[in-house]
Amino acid sequence: MIPVTKPFLPSLATFQSYIDCIWTRQWLTNNGPLVNELELKLRTYLNLPYALYVTNGTIALQLAIKALALKGEIITTPFSFVATTSAIVWQGCKPVFVDIDEQTLNIDPSKIEAAITPRTTAILATHVFGNPCHIEAIDAIAKRYKLKVIYDAAHCFGVKYKGKSIFAYGDVSTTSFHATKLFHTIEGGGVFTQDEALLKKMTYMRNFGYSGVDTFSEIGTNAKNSEFHAAMGLCNLKYIEEILCKRKELFEFYRSSLETSDLQFQHIQSQTQFNHAYFPVIFKSESAMLNCMKQLEKVQVCCRRYFYPSLSALPYLEQIAMPICDSIAKRIMCLPMFHTLDNLERSLVVKIITKAQNPSRKRIAAKPAYSTAIAGTEMIANIN
Ligand SMILES: *Cc1c(COP(=O)(O)O)cnc(C)c1O
């Protein structure tokens with residue numbers, strides 16, 4: 001089986017050496033030395049003044065909303081992972097969707113102003129698949145209407161915009177270090193801000209609101225992460241350049257192999273140093289996408305409808321039409337992207353997609369389950 005993603009794993013010996021140290025110190029969590037070291041290394045790698053390591057990318061969003069004391073309505077994108085919207089609702093605010101740009105797949109800034117009401121307090125936008133939002137346009141609107149800006153940068157590790165880490169933008173940027181993300185700490189997340197007072201507030205909030213041994217300054221939660229998770233992060237960070245390189249190579253292979261197809265690709269913002277974390281492809285119709293997915297499944301290649309459905313269709317929200325997002329969400333899927341995806345496997349993916357796009361050519365025969373790369377060779381032979 002070729003999955004859509006596989007977590008990156010460092011050498012077991014390296015991870016073990018960190019675990020041995022944890023055993024010696026017997027310090028498992030509560031802002032331990034590995035958590036501190038990871039934060040320091042992340043700040044250095046990203047060239048940012050502050051970074052807070054937290055439990056996951058969802059709590060990172062909740063902390064940001066809470067620390068900015070947001071109330072009322074938050075303008076957001078319907079094309080994201082469910083946590084972007086659910087974090088808003090969880091914090092007692094109302095998500096107000098603004099449709100996306102068909103090319104970039106990010107929130108369309110030209111439609112934001114029409115959605116602003118006296119109750120609007122912020123904009124929460126996702127840099128979809130690591131593609132930077134139209135940051136200048138969003139900032140200008142936020143300034144004009146005195147709104148806060150949070151970026152959900154869960155897909156963005158390694159992305160730079162105008163020479164700076166993408167996490168440097170917005171009042172707060174959040175990210176996820178979940179196992180499925182390009183850089184991960186098994187579970188984990190990050191919160192970034194340039195505002196020292198806000199950082200302090202979030203640091204206390206992360207730890208139950210403690211500001212001293214017996215003193216509390218904020219209402220807090222438990223958003224701490226453990227030494228074990230930080231250990232995985234420290235190991236994985238050693239491989240980050242290799243991971244980024246491999247993704248780029250894979251991305252470029254898919255892109256050049258599928259260039260002449262009918263598929264539409266995401267348009268990447270200029271002045272971006274991209275991380276090539278995902279390879280989304282947009283079909284002409286939902287049926288073309290489903291047919292292709294079926295052909296891929298026959299040879300045990302799993303692609304994923306991502307993001308689907310549109311968040312504006314969530315059952316706990318008032319239903320509203322988001323024509324562009326609704327249409328894209330039905331026609332998009334992400335191709336397998338992970339560190340160990342080999343040449344045979346990626347060629348198989350491309351061949352099946354190309355054939356599915358060209359139904360006039362010989363049909364691809366359904367085959368029984370195969371589970372290794374060698375089976376992949378056979379499959380390629382079979383569809384030739
Ligand atoms: C993964 C993801 C999250 C949630 O992060 P977790 O660490 O899994 O909680 C939030 N937003 C987006 C866009 C994501 O892709």
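How many aromatic pairs does a search of the whole structure find? The search finds 24 of them, where rings of Phe, Tyr and Trp (its six-membered ring) count as a pair if their centres lie within 6.5 Å, with planes under 30 degrees apart called stacked, over 60 edge-to-face and the rest tilted.

## Basis of the description

This is a predicted model, in which local features need pLDDT of at least 70 and side-chain atom pairs count only at pLDDT 80 or more, while totals for chains, interfaces and linings use all residues. Residues are numbered from 1 along each chain as its sequence is written, and side-chain values use heavy atoms, with hydrogens and water left out. Helices (H or I, at least four residues) and strands (E, at least two) are DSSP runs numbered from the N terminus.

## Aromatic pairs around Phe-129

A pair of aromatic rings is described by the distance of the centres and the angle of the planes. Phe-129 and Tyr-306 form a tilted pair, with 6.0 Å from centre to centre and 45° between the planes. Because Phe-129 lies in the loop between β4 (120–126) and α5 (135–145) and Tyr-306 in the loop between α9 (286–298) and α10 (323–331), this pair ties together parts that are 177 residues apart in sequence. Phe-129 also forms a pair with Phe-307, and this one is stacked, at 5.4 Å centre to centre and 5° between the planes. This second pair links distant parts of the chain as well, since its members, in the β4–α5 loop and the α9–α10 loop, are 178 residues apart.

Phe-129 has 0% relative accessibility and therefore counts as buried, a term that means under 20% relative accessible area, whereas exposed means over 50% and partly exposed lies in between (1.4 Å probe, protein chains only). Phe-307 is likewise buried, at 3%, and Tyr-306 is buried too. Tyr-306 and Phe-307 are joined by a cis peptide bond with omega of about 0°, and another cis peptide bond, with omega of about -5°, joins Tyr-308 and Pro-309. Pro-309 is found in the loop between α9 and α10.

## Other aromatic contacts

One aromatic cluster is formed by Tyr-45, Tyr-53, Phe-157, Phe-167, Phe-177, Phe-183 and Phe-192. Charged side chains also meet rings: the charged end of Lys-181 sits over the ring of Phe-81, 5.9 Å from its centre, and Arg-346 lies over the face of Phe-253, at 5.5 Å from the ring centre. A charge is taken to sit over a ring if NZ of Lys or CZ of Arg is within 6 Å of the ring centre and within 35 degrees of the ring normal.

## Helix packing and enclosed helices

Two packed helices are described by the angle between their axes and the distance between the axes. For helix α1 (residues 12–25) and helix α2 (residues 33–46), the axes come within 11 Å and cross at roughly 135°, where axes are lines fitted to C-alpha atoms, for helices over the stretch in contact, and angles run from 0 to 180 degrees between N-to-C directions. The two helices are therefore oblique to each other, given that angles under 35 degrees count as roughly parallel, over 145 as roughly antiparallel, 65 to 115 as roughly perpendicular and the rest as oblique. Tyr-18, Ile-22 and Arg-25 of α1 meet Pro-33, Leu-34 and Glu-37 of α2, contact being heavy atoms within 4.5 Å.

Helix α7 (residues 227–237) has nine of its eleven residues buried, so it is largely enclosed by the rest of the structure. Its buried residues, among them Glu-227, Met-232, Cys-235 and Asn-236, pack against α1, α2, β1 (52–54) and α8 (240–257). In helix α4 (residues 82–90), the buried residues are Ala-83, Thr-84, Thr-85, Ala-87 and Ile-88, and what covers them includes α3 (57–67), β2 (73–76), β3 (94–97), β4 and β5 (148–152). Just after α4, Gly-92 takes a positive phi of about 80°.

## Loop residues

Asn-47, in the loop between α2 and β1, has a positive phi of about 55° although it is not a glycine, and with a relative accessible area of 69% this residue is exposed. Lys-162, placed in the loop between β6 (160–161) and β7 (164–165), also has a positive phi, near 50°, and is partly exposed at 40%.

Ala-179 lies in the loop between β8 (172–176) and β9 (189–192) and counts as buried at 18% relative accessibility. Not counting residues up to four places away in sequence, Ala-179 touches Pro-7, His-184 and Ile-186.
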